[in-house]
Amino acid sequence: MLIFHRLKHAIIILVALLAASVASFAQTADEAFTRLAADSYSDTSRAIEILVSTAHPNASLIIEALGDGRLLVGAGGVVVKTAAGGLVDARTGHALTAAPAGLKTVRLNNSVRRAVQAALGGLSLLNPDPGKRISAAEAVFKSRDAGLLPIVEAAIGKETDPRALAALRQAQAAILIAKPDAQPLDRVAAVEVLRERGDQDALAALRGLSGEITPTLRDAQSRAVAAIEGRLKLWAVVQNLWYGLSLGSVLLLAAIGLAITFGVMGVINMAHGEMVMLGAYTTFVVQELIRTNAPWLFDWSLAIALPAAFIVAGAVGIAIERGVIRFLYGRPLETLLATWGISLMLQQAVRTAFGPTNREVGAPAFMSGAFELGGLAITYNRLWIIVFAALVFAALLAILKLTPMGLQMRAVTQNRRMASAMGIRTGRIDALTFGLGSGVAGLAGVALSQIDNVSPNLGQSYIIDSFMVVVFGGVGNLWGTLVGAMTLGVANKLLEPYAGAVLGKIALLVCIILFIQKRPRGLFALKGRAVEA
């Protein structure tokens with residue numbers, strides 16, 4: 001009997017506590033909707049906190065609608081406008097048959113928008129998709145909203161995915177660092193978590209340490225900041241090396257055609273940059289035709305533009321060689337002036353046809369976006385350009401080493417008179433060589449259209465650098481061109497943080513001039529009786 005009475009009293013107490021909890025929930029929910037109806041920025045922000053902290057069943061619906069400008073208040077209370085145009089009671093989630101009187105949109109400012117983003121991030125921490133949980137944890141990490149700490153800790157207790165768990169712990173650490181009343185030992189542990197993360201966001205969070213700072217916490221913060229700064233400096237050097245390889249690939253594409261024509265024909269072709277420009281504009285024309293007639297082929301636009309650009313630039317190159325340059329062999333100054341005049345004519349022709357403004361060339365889906373490798377940010381377009389430059393280089397090596405035309409080109413390069421005496425038609429080789437070099441420049445234009453502005457002046461940005469690469473590497477030597485392009489690209493990017501872009505390029509030019517004084521034929525000089533004469 002005594003046990004029965006005690007069990008009865010326990011049930012009564014439990015029911016009373018449950019009723020009090022329900023009443024408290026209803027009271028806090030009522031407060032949230034009252035504050036939303038007040039339509040003031042501070043009340044709206046507080047309402048968001050209440051909805052999240054009480055885990056209201058319609059919290060996601062309400063906060064998403066608020067962020068999208070679909071949360072309305074009126075005589076009937078708070079109403080959500082659905083994407084289809086219907087109305088839903090925010091408190092119950094039931095559809096409304098008639099619109100309440102006096103509806104108006106709940107206003108937003110930057111502070112409320114940040115609260116909305118942080119709240120949505122917190123509510124997404126329990127999403128079934130691990131990727132969405134990681135994204136939500138990143139949003140909480142950046143917001144450092146102390147009101148989301150209970151949700152983060154609850155999510156940590158339920159998390160099974162290692163990557164999502166690490167992201168949640170980092171979000172918890174960022175909140176604890178920014179929470180002045182957090183326990184000192186918890187904040188020391190948070191410092192170690194941020195130290196392991198080791199990026200700029202973690203460094204910013206550590207520098208934002210506030211509140212009571214014990215000597216142990218201060219020492220941990222100092223060591224963590226020093227470790228992260230050292231790591232970031234190392235990654236900055238690696239990032240500049242990557243940028244240097246990327247720039248070197250661009251220079252290789254722009255200069256390799258010039259190396260062929262300069263080496264075989266001895267012609268200083270100042271119109272080589274305009275061959276690059278023609279390749280870029282060919283890409284633009286191809287994409288415009290695809291957008292107009294076959295938009296489903298857009299991701300194949302570059303594959304279609306590559307042969308088109310090679311043919312267009314190569315045909316123009318052959319026309320220039322047959323029409324002008326073949327009459328000027330042996331007179332380098334005249335060829336320089338003639339090709340410079342041709343470059344101006346080509347620029348003006350393109351300016352007349354397409355206008356002086358930049359033209360938009362889109363990137364296919366596989367070249368869009370980026371990914372991170374440690375602390376290294378790699379964009380897909382730069383990565384594909386490096387791969388493309390390597391393929392072009394390999395293809396040209398194969399042509400020079402494995403084809404009859406390549407054999408004849410090498411013979412003309414080494415000794416033009418002897419090659420002619422052996423029956424090689426040097427005039428034909430000159431035309432084909434100039435066309436090949438110009439076609440490769442057109443391929444470079446396709447690649448450059450993905451990372452640079454397509455304008456009539458596109459080629460002028462690369463012509464001087466191309467000549468620097470060719471002279472430094474060795475005239476007519478493809479391996480010298482490769483080494484010269486990569487050396488100049490990496491050196492340029494390593495100097496930029498210290499000397500600036502302009503001074504860095506000037507310093508490189510001075511170094512190349514001094515180098516040429518010692519090795520007039522560049523790094524890899526060609527062998528042959530004529531070239532050694």
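**Figure 1. Helix 17 and its cover in the predicted model.** Helix 17 comprises residues 426–448, and at 1.5 Å a residue its 23 residues should span 33 Å; the end C-alpha atoms lie 32 Å apart, which agrees. Of these 23 residues, 20 are buried, and the helix is thus mostly covered.

**Figure 2. The aromatic pair of Phe284 and Phe354.** The count of aromatic pairs comes to six. In one of them, the ring centres of Phe284 and Phe354 are 6.0 Å apart and the planes stand at 80°, over the 60 degrees required, so the pair is edge-to-face. Distant parts of the chain are linked here, as Phe284 belongs to helix 11 (residues 272–293) and Phe354 to helix 13 (residues 332–354), 70 residues apart. Phe284 is buried, with a relative accessible area of 9%, whereas Phe354, at 22%, counts as partly exposed. Ring pairs join Tyr281, Phe284 and Phe354 into a cluster.

**Figure 3. The aromatic pair of Phe393 and Trp479.** This edge-to-face pair has 5.0 Å from centre to centre and 75° between the planes. Phe393 lies in helix 14 (residues 380–402) and Trp479 in helix 19, so parts 86 residues apart in sequence are tied together. Phe393 is buried at 7% relative accessible area; Trp479 is partly exposed at 46%.

Figure 4. Beyond its neighbours within four places in sequence, Thr481 is in contact with Leu252, Ala255, Ile256, Ala259, Val469 and Gly473.

**Figure 5. A nonpolar surface patch that includes Val510.** Val502, Leu503, Ile506, Val510 and Leu514 make a patch of about 490 Å². Val510, in helix 20 (residues 501–518), is partly exposed, with a relative accessible area of 44%.

Note on methods. Residues numbered from 1 in each chain as written. Predicted model: local features only at pLDDT ≥ 70, side-chain atom pairs only at ≥ 80, totals over all residues. Heavy atoms only, no water. Contact = heavy atoms within 4.5 Å. Patch = residues over 30% accessible without salt bridge, like charges linked within 9 Å, V, L, I, M, F, W, Y side chains within 5 Å. Areas by Shrake-Rupley, 256 points an atom, 1.4 Å probe, with all protein chains shown as cover. Salt bridge = Lys/Arg side-chain N within 4 Å of Asp/Glu carboxyl O. Helix = DSSP H or I, 4+ residues; strand = E, 2+ residues; numbered from the N terminus. Buried < 20%, exposed > 50% of the residue type's maximum accessible area, 1.4 Å probe, protein only. Expected span 1.5 Å × (residues − 1). Phe/Tyr/Trp six-rings, centres within 6.5 Å; stacked < 30°, edge-to-face > 60°.
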